[in-house]
Amino acid sequence: MLATLLFNAPRWAVPACAIVLVAAALLFWAYQRSRLSTGLRAACLALKLVGLIALALCLLDPTWITERARPGANFFVVLADNSLSLQIKDRNSVASRGEELKKLLTRDGLGWQAQMSKDFQVRRYLMDSRLQRTEGFEELDFSGKSSSLNAALRSLRDRFQGQPLAGVLLFSDGNFTDLPNGFAETNGLPPIYSVVIGKDMPSRDIALASVSATQTAFEDAPVTAQADVTAYGYAGRPVTAKLLDLEGKVVAEQTETAKDEESRLAFRFQYKPEHSGLSYYRVQVAAQDEFDQFTDDKKSKEATLANNTRVFSVDRGQEPYRVLYVSGRPNWEYKFLNRALQEDTQVQLVALIRVARREAKFQFKGRAGESSNPLFRGFGNQNKEEIERYDQPVFVRLNTRDQAELRGGFPKLPEELFSYHALILDDVEASFFTPDQLALIQKFVALRGGGFAMLGGAESFHQGRYQQTPIADLLPLYMDAAIAGAPSTNRLRFQLTREGLLQPWARLRSQETDERSRLEAMPDFMVLNRMRDFKPGATVVATVKDDSDKTYPAIAIQRFGNGRTAAVAVGDLWRWGLKNPELHKDLDKAWRQLVRWLVSDVPKRVDMQPEANPADPNGAVTLQVKARGKDFQPLDNASVSITVRHLGGVGAKEIQLTAEPSASESGTYEATYVPRDAGAYEAKATVLGGTGVEEGRIAAGWASNPGGDEFQSLKPNRALMDSIARLSGGETLAASGLDRFARELPNRKVPLMETTSEPLWHRSIVFAFALACFIVEWGVRRWKGLA
């Protein structure tokens, strides 16, 4: 109860104080002559003074003002969690958490709910993926696939906007599925009083908390899947995690031993998918001797099997990555690079190799009136547009898509160059390119997001006069100053830096000891383009060391705009593959991994990303399609259609969606899909330009794991429930204290309250109190024979 003491006649304060002071002085003088002991004298003086003060206060007209909830004027919400996680049984408990909650809200909760209904309009709701009104809680069946607290709170805020809502009584285990950051949206809501359902130690269970997959350019195991597992009640027992494809084939398997009653285990799978494109995998965890529970759930000894399996997707890319290799002359580097990439079906190496410079080294005497190079006489069409002139360089085009590709030499337009994912320059001078082409290469990396690498050679880097060109800005090494000196010997030992050992694409072995042994067995190199230094933000991946222990950068990388660049200063990497077949395989692998790194994050013209919204109660997935033209400018006025299908679903049909333009980003189109079942999903998008011409197709996949999310943790999240109550101005209650809470609730601060006032001097208790003080004082003196 909220109470206040108010004095209505403050003008009597001075006379009242004067009366009390005079009376106190007389009493003090009188008791100085008394024969009572000091202690009794002080007690009697205090009793009389208290009585006199109580009477003097009546002169100020004191009024006692109280506030309480106006009966029937305020609303109060009782909110119960109806999700699957309440089906869990705690250790040594006969009933499930849901059964205990239902009992608390029905049979055992009639008393406190009736008490609450005397002063409040009680509204009852169930909460799972949505908010549902209920007259009683008999409808609780704990079948909801998610427990979306934020969605429920938003609905309550909207429903009771402008109405006097006094509070929310929340019953849950605290394991909500729509709080990715651990914070509830309590703004604009009254105090939330939380009641935690469940004990801290659930029944024996193994829960797969999360699965994440990452990709690298490491050829042996380009995909890494991390599975985080929590085991309850399996102390000292082996726990096994299996990685399977959707057909049930075991890809990898690991076993760890749970050390405590509650153990957190981490399983890390590194593997290589059998094919390119989309792949789907399933992680399954259980005790080593309990995997038969997945075929016969009656054999299960766990609290639930809904959190033992998770599905995830991996996209290794579909169409081949196209890499343009440009060389100023035929060399052995291309031979080894081309052979290496022939083993990678997802990388296509297109080569433009100059076999003769613009000015011929020999004076050819042709036929009268002949302006073409005699070397090309008799080959192909001899039209003036086709023949090679004396004043033009002679090129060889290899692995081109058609006869028109690179016919005019190095691309001159963005539409031509931007069709490639990466560009490699090898032993070609800067004057080979026009100023516009040099600027186009920079845009290829910065705007298009392509990969760029320059290989060492006689006409690369500083020797190719690239300083003061846009290419110099791209490279991670400085070459704008004179190079002082050179390595003291032609024997250069190759070694990875510490940063290089941390780059998956730079390593060829999975273990550091094996990698260092491999480096020691490598042959010496003899050609190096020496640079002044590496730029801030660049990473030196490898160095070479001469006989005097001087170290020079050999491989450096950096980000540039939307793309990435690499500088390989060693000019004779091909020597690596001549020593023996084993080292030849290592060289091939190194080339493949370097190129894979160059193209791994290059944007596609048409790209699609499924983005699940953790805060969405229905698990909705936003399919975001980004469409770009051939010049990689955003493609507006496009038509985007998406087909979604559930893989493995019985009788599943394809769903057709139309993506709408995004309001926040040009060239971006979005559609929303709500998965109905758990498992793997695949979406295919087709983009048509404004003229109806197809601009591209793309496929993407994702997995829905509602059961795994709901049973991610079996322990009640008491800390979260306490935080929600504290931040909203409420408190955490025990189930046993609900009766007392219902009785005290009308006396708490609520939107609509009623006020009552009562003058204290009208109450006999005030005068009875003063009289009691006088009687006790008289009794003490009478007891001592002084009255």
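Modeller: Start with accessibility: buried means under 20% relative accessible area, exposed over 50%, and partly exposed in between (1.4 Å probe, protein chains only). This is a predicted model, where local features need pLDDT of at least 70, side-chain atom pairs count only at pLDDT 80 or more, and totals for chains, interfaces and linings use all residues. Residues are numbered from 1 along each chain as its sequence is written, and side-chain values use heavy atoms, with hydrogens and water left out.

Colleague: Then try a residue: is Glu185 buried, exposed or partly exposed?

Modeller: Glu185 counts as partly exposed because its relative accessibility is 32%. Arg154, at 28%, is also partly exposed. These two form a salt bridge (a side-chain nitrogen of Lys or Arg within 4 Å of a carboxyl oxygen of Asp or Glu). Their closest N and O atoms are 3.1 Å apart.

Colleague: Where do Arg154 and Glu185 sit in the chain?

Modeller: Helices (H or I, at least four residues) and strands (E, at least two) are DSSP runs, numbered from the N terminus. Arg154 is in helix H5 (residues 149-159). Glu185 is in the loop between strand E6 (165-172) and strand E7 (192-196). The pair links distant parts of the chain, 31 residues apart.

Colleague: How many salt bridges are there in the whole structure?

Modeller: A search finds 34. One of them joins Glu405 to Arg322 at 2.8 Å, N to O. Glu405 lies in the loop between strand E17 (394-398) and helix H7 (414-417), and Arg322 in strand E15 (residues 321-327), so the pair ties together parts 83 residues apart in sequence. Glu405 is buried, with a relative accessible area of 10%. Arg322 is buried too, at 4%.

Colleague: Which residues are linked in a network of salt bridges?

Modeller: Arg204, Arg237, Asp289 and Glu290. Within it, Glu290 bridges to Arg204, with the closest N and O atoms 3.4 Å apart. Glu290 counts as buried at 6% relative accessibility, while Arg204 counts as partly exposed at 24%.

Colleague: Now the nonpolar side: which residues have the most contacts inside the largest nonpolar core?

Modeller: In soluble globular proteins, nonpolar side chains tend to be buried together. A nonpolar core is a set of buried Ala, Val, Leu, Ile, Met, Phe, Trp, Tyr and Cys residues joined through side-chain atoms within 4.5 Å. Here the largest has 86 residues, and Phe410, Phe452 and Phe494 have the most contacts inside it. Its largest share, nine residues, comes from helix H12 (residues 581-599). Another core, of 29 residues, lies apart from it and includes Trp112 and Phe741.
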